[in-house]
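Biologist: I am new to this structure and would like to learn how to read it feature by feature. Could you take me through it slowly, with the general idea before each case?

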Amino acid sequence: MSEEDRPGTEENVESITPKQLKERIDSGENVFILDARSEGDFDEWHIEGETVEIVNYPYFQLLDGIPRDLLAALPEEQKITVLCAKGGSSEMVAENLEEEGYDVNHLERGMKGWARIYEYTELNVDIDATIAQYQRPSSGCLAYLVVSNGEAAVIDPLRAFTDDYIQDVRNLGAELSYAIDTHVHADHISGIRAVAEQTEATAIMPEAAAARGVEYDRQYETIEDGDALTVGDIEIDVYHTPGHTTGMTAYKVGNVLFTGDGLFTESVARPDLEDPDAARDTARTLYESLTEKVLTHSDDTIIAPAHFSDSATPNEDGTYTAVLGELRGTMDALSMDEASFVEFIVSDMPPRPANYEEIIATNLGRESPDDEEAFELELGPNNCAASEEALTN
């Protein structure tokens with residue numbers, strides 16, 4: 001019997017929604033979690049935070065009750081939140097703990113519910129436009145909305161949250177003109193086609209990314225280095241910055257540079273997802289892009305990446321951006337010579353994102369999973385940075 005196929009129980013134990021749990025963690029409250037998923041699923045991704053204490057004990061070891069070694073590891077004076085993959089088996093485990101006298105609840109919809117959290121925050125920038133950052137805490141994916149004079153563009157949208165972009169643009173009194181990707185993503189299913197299908201927006205992909213063999217079933221347009229897209233009263237300037245992928249492209253609005261996966265607030269890109277055998281050569285290309293296309297911008301340029309990792313530190317408002325001048329001084333990789341940079345980047349890269357080959361195939365238009373299948377493919381962390389640890393000192 002799988003952890004989600006167990007018979008239902010008549011008793012109801014207290015539940016907590018993913019949003020409520022996230023609010024507890026964000027407020028700095030001490031949170032204790034019992035994660036009842038398999039060890040492999042837990043190792044791949046789990047909930048973390050400075051005030052989060054978590055224990056992993058697989059569900060199949062809890063079918064006959066709560067083992068003594070687990071009871072000894074649980075706090076007696078603190079609420080315990082039990083979670084699983086989808087929210088079914090965690091309820092049974094929570095009920096058993098409640099019978100043992102513990103203060104307990106379980107996470108509604110489990111980690112799949114956690115993956116549905118998507119947060120919108122407007123950036124505090126001195127630009128005559130509204131720029132908002134979307135965060136997906138479960139994976140570290142970031143997307144952006146740019147709105148000016150009744151027109152809007154969404155950069156690096158996720159297919160699973162198409163409705164969010166459309167609703168937010170409507171609330172801001174605008175219409176979507178463009179849905180733009182920075183590159184062919186390897187960690188999530190791109191939303192540019194879904195957004196274009198449901199609005200009047202034009203799907204935009206970098207020419208160098210399309211050259212990988214995109215087989216979309218709908219029309220899209222391409223952009224190249226030096227191009228610009230007009231949105232209301234502002235322009236989105238285009239900078240081809242290969243390295244993470246051959247098509248990696250950054251976009252700039254005012255002094256905000258949307259770097260995609262080329263440069264993060266805590267690291268630089270990994271160079272091996274498109275062609276693992278060419279990682280060293282691609283790292284050289286990444287070095288050239290950083291030194292010639294990114295670091296040439298002024299120190300007050302705001303770096304707005306497409307991802308953040310667990311090692312990234314958020315700003316006071318919870319967003320993940322960084323001032324380029326500060327990154328020059330704190331990220332040693334940005335001041336290395338080419339040979340040192342290449343050796344450093346390829347020496348210890350983290351595991352590749354889960355299902356990355358299927359995700360790339362989907363984003364190239366070669367596979368067509370339905371919405372639920374697509375959502376399942378992208379569960380887990382992004383792992384697009386060159387290091388699991390922060391490269392900032």
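Predicted model: local features only at pLDDT ≥ 70, side-chain atom pairs only at ≥ 80, totals over all residues.

Biologist: How many helices and strands does the protein have?

Modeller: Helices (H or I, at least four residues) and strands (E, at least two) are DSSP runs, numbered from the N terminus. By that reading the protein comes to 13 helices and 18 strands.

Biologist: What radius of gyration does the protein have, and what would a compact globule have?

Modeller: The radius is taken over C-alpha atoms, and the globule rule is 2.2 Å times the number of residues to the power 0.38. For 393 residues the rule gives a value near 21 Å, and the protein has 22 Å, which agrees with a compact globule. Along the principal axes, the C-alpha atoms fill a box of roughly 65 × 45 × 40 Å.

Biologist: What share of the residues counts as buried?

Modeller: Buried means under 20% relative accessible area, exposed means over 50%, and partly exposed lies in between (1.4 Å probe, protein chains only). Of the 393 residues, 56% count as buried. Contact means heavy atoms within 4.5 Å, and among contacts with a separation of 6 or more, 66% are between residues 24 or more positions apart.

Biologist: How many positive and negative side chains are there?

Modeller: Lys and Arg count as positive and Asp and Glu as negative, whereas His and the chain ends are not counted; the place of a charge is taken as NZ of Lys, CZ of Arg, CG of Asp or CD of Glu. The protein has 25 positive and 83 negative side chains, and the centres of the two sets lie 3 Å apart.

Biologist: Now to single helices. Which residues of helix α9 are buried?

Modeller: An α-helix has 3.6 residues a turn, so residues three or four places apart point the same way. In helix α9 (residues 279-294), the buried residues are Ala279, Thr282, Ala283, Leu286, Tyr287, Ser289, Leu290 and Val294. They are on the same side of α9 because they cover an arc of only 165° around the axis, the arc being that of the directions from the helix axis to the C-beta atoms. These buried residues pack against β16 (256-260), α10 (324-330) and α11 (338-346).

Biologist: Which residues of α6 are buried, and which are exposed?

Modeller: In α6 (residues 162-171), the buried ones are Thr162, Tyr165, Ile166, Asp168 and Val169. Their arc around the axis is only 165°, which puts them on the same side of α6, while Asp163, Arg170 and Asn171 are exposed on the other side. The elements covering the buried residues include β7 (130-136), β8 (141-148) and α7 (192-198). Just after α6, Gly173 takes a positive phi of about 70°.

Biologist: How many residues of α4 are buried?

Modeller: Helix α4 (residues 89-99) is mostly covered, with 9 of its 11 residues buried, including Met92, Val93 and Leu97. The buried residues of α4 pack against β2 (31-35), α3 (68-73), β4 (80-83) and β5. Gly101 follows α4 and has a positive phi, near 95°.

Biologist: Where does a residue other than glycine have a positive phi?

Modeller: Most residues other than glycine have a negative phi. Asp156 has a positive phi near 60° and is found in the loop between β9 and α6, where Asp156 counts as buried at 2% relative accessibility. Arg109, which is not a glycine either, has a positive phi of about 65°; Arg109 is in the loop between β5 (104-107) and α5 (110-114) and counts as partly exposed at 45% relative accessibility.

Biologist: Is Asp128 buried or exposed?

Modeller: Asp128 lies in the loop between β6 and β7 and is exposed, with a relative accessible area of 65%. Leaving out residues up to four places away in sequence, Asp128 touches Ser148 and Ile234. Asp128 and Lys86 are 42 residues apart in sequence and 43 Å apart in space, C-alpha to C-alpha.

Key. Residues numbered from 1 in each chain as written. Heavy atoms only, no water.
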